[in-house]
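Dear colleague,

I am handing over the structure we spoke of, and I would ask you to look through it before reading on. My notes on it follow below.

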Amino acid sequence: ETWKAFTDAYAAANTAVETADAASLHTLAAALKNAQAALADEPLKAGATRTVGKIQYKVLDAEKKTAIAVKGEDKKQKNVTIKATVEINGVSCKVVEVGNKAFSGYSSLTKVTIGKNVTTVGKNAFKNCGKLKSVIVKGVVLKNIKKSAFAKTASSVKVTVPKKMSKKQSTALLNKMKKEGMSKKAVVAAK
């Protein structure tokens, strides 16, 4: 509702510019400034969304300041980067999950970078991304790979993990990805 108040004040200020006198313009400018200030004070709520870099993010838990990458907004993207953090309503939120079917069917997708705070990749998140051959994991907290998350991706996939991820952990992660559809030829490398 604060966004509507802001857009209404903005529209009123724009339409009155040519015909209003100085006092009216001053009143409209004050209303616009107040509406803008109210926007900055809007509290973070679970379910609030924001699109950043052609990806829609949604607040999971306002108290913990966590978010999910819900879906992409351009199925023709070749490279996708899931952010480590994203700002929603002026609050920095950790992106901890890639949502179910978030990038399913992105037939041109060849590379995905998963932010350092992501712990879970949802069901069918990258299913039917037949050209996906590079998955870069930026953090060491990714442990949950849901059903068919990587089903029907490229026949050979390289998973790159940070050097600080142990060999045991990177092998376990690769095995989970393979279990959920990634090619049996997939390999893992530390970088």
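A residue is called buried when its relative accessible area is under 20%, exposed when that area is over 50%, and partly exposed in between. Please also keep in mind that this is a predicted model.

Lysine 111 belongs to strand β7, which covers residues 111-114. It is also one of the residues of a positive surface patch, whose members are Lys111, Lys138, Lys158 and Lys191.

Another charged feature is the salt bridge, and a search of the whole structure finds 1 of these. Its partners are aspartate 74 and lysine 54, whose closest N and O atoms are 3.2 Å apart. The two residues are 20 residues apart and the pair links distant parts of the chain, since aspartate 74 sits in the loop between β3 (66-72) and β4 (79-82), while lysine 54 sits in the loop between β1 (49-52) and β2 (55-61). Aspartate 74 has a relative accessibility of 23% and so counts as partly exposed, and lysine 54, with a relative accessible area of 44%, is partly exposed as well.

The aromatic residues deserve a separate paragraph. Searching the whole structure gives 3 aromatic pairs. In one of them, phenylalanine 103 and phenylalanine 126 are stacked, with 5.5 Å from centre to centre and 5 degrees between the planes. This pair, too, links distant parts of the chain, for phenylalanine 103 is in the loop between β6 (91-98) and β7, phenylalanine 126 is in the loop between β8 (120-121) and β9 (134-137), and 23 residues separate them. Both phenylalanine 103 and phenylalanine 126 are buried.

Phenylalanine 126 also pairs with phenylalanine 150: the ring centres are 5.4 Å apart and the planes stand at 15 degrees, so this pair is stacked. Because phenylalanine 126 is in the loop between β8 and β9 and phenylalanine 150 is in the loop between β10 (144-145) and β11 (158-161), the pair ties together parts that are 24 residues apart in sequence. Phenylalanine 126 has a relative accessibility of 0% and therefore counts as buried, and phenylalanine 150 is likewise buried, at 0% relative accessibility. Together with Phe103 and Tyr106, Phe126 and Phe150 form one aromatic cluster.

With kind regards

Notes: Residues numbered from 1 in each chain as written. Predicted model: local features only at pLDDT ≥ 70, side-chain atom pairs only at ≥ 80, totals over all residues. Heavy atoms only, no water. Salt bridge = Lys/Arg side-chain N within 4 Å of Asp/Glu carboxyl O. Helix = DSSP H or I, 4+ residues; strand = E, 2+ residues; numbered from the N terminus. Buried < 20%, exposed > 50% of the residue type's maximum accessible area, 1.4 Å probe, protein only. Patch = residues over 30% accessible without salt bridge, like charges linked within 9 Å, V, L, I, M, F, W, Y side chains within 5 Å. Areas by Shrake-Rupley, 256 points an atom, 1.4 Å probe, with all protein chains shown as cover. Lys, Arg positive; Asp, Glu negative; His and termini not counted. Charge placed at Lys NZ, Arg CZ, Asp CG, Glu CD. Phe/Tyr/Trp six-rings, centres within 6.5 Å; stacked < 30°, edge-to-face > 60°.
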